[in-house]
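Hello,

Here is the structure to look through. My notes on what was found follow below.

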Amino acid sequence: MAQLSVRQAAERLGVSEGRVRQRIDAGQIRAEKIGGRWLVDLPAGPAPRPQRGRPVDPRSVWASLLELDVDPVVDDPASREAEPLRERAERISASSRWRASARIRRALANRDHADLFAWLSWRGDRLQLSAAPADLGGLREDPLILLSGLSVEQSSIEDMSLVEGYVASHDVEPLIARHWLEEPRPGERPNVILHVAPERPLRLSRLLLAADLAEHGGPRELARAHDLVDEVVANIGSIA
């Protein structure tokens, strides 16, 4: 067995770092935490065949999402003066943006939810953390976060015992320090879920909300995720 960092394990398995952490949390990958960092046990020798192909640039995923960003379920009109996330997405080549758009539109047209969620899983890391329950209110109101997933009423299954939302990659460490967020203890249920994006989104689309709920994996969350995708498909004519 070889002990690898989360990043090394992600490269070896051909998945995102967030997916490696999810597998650790689910007990699907053996790992131990030393000095605050996970060391992942993987067999030595040739790397396993990647399950999802080579890693996808998150900007490609956001480019495809932003193109379909119509009728969002949560909007932030106060921040419309600048759209740094769109600017980041537009820095990739025109051909990459075209392929990204074709990928997401094909999945929607074919009603291939599995392929859609696989594509959206590359949008960024998913951090599962722990906060003192008394601190959740302040975290929920922090302007660095765009609430999503189980933290918005549009999920239809809002859970006030946790905070879930999007945060820019450069704001993760300040946010963790500001609210004293920590890695959950063994057996402890995370009550903070941070979706790390190149920049904080200004709006929460149905597809983003669906992706967040699908990653919870529960029957209610998956059912609502599929409903949200169906709503997008029903409006596909207006965004074609």
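The largest pocket is lined by 30 residues, and Arg 21, Lys 33, Trp 38, Leu 127 and Glu 183 lie nearest its centre. A pocket is an open set of points on a 1 Å grid over the protein atoms alone, where a 1.4 Å probe fits, with protein on both sides within 12 Å along at least five of seven lines; lining residues have an atom within 4 Å of a point. By class, the lining of the largest pocket has twelve nonpolar, five polar and 13 charged residues; Asp, Glu, Lys and Arg count as charged, Ala, Val, Leu, Ile, Met, Phe, Trp, Tyr, Cys and Pro as nonpolar, and the others, Gly among them, as polar.

This is a predicted model: local features need pLDDT of at least 70, side-chain atom pairs count only at pLDDT 80 or more, and totals for chains, interfaces and linings use all residues. Residues are numbered from 1 along each chain as its sequence is written, and side-chain values use heavy atoms, with hydrogens and water left out.

Leu 127, one of the residues nearest the pocket centre, stands opposite Leu 194 in strand 7. Strands are DSSP runs (E, at least two residues), and helices are too (H or I, at least four), numbered from the N terminus.

Glu 199 is in the loop between strand 7 (192-197) and helix 9 (206-214). Glu 199 is buried, because its relative accessible area is 13% (buried means under 20%, with a 1.4 Å probe and protein chains only). Its side chain makes a polar contact of 3.0 Å with that of His 170 (N or O atoms within 3.5 Å, one able to donate a hydrogen and the other to accept it; residues adjacent in sequence count only if both atoms are side-chain atoms).

Regards

Technical notes: Buried < 20%, exposed > 50% of the residue type's maximum accessible area, 1.4 Å probe, protein only. Pairing = 2+ DSSP bridges.
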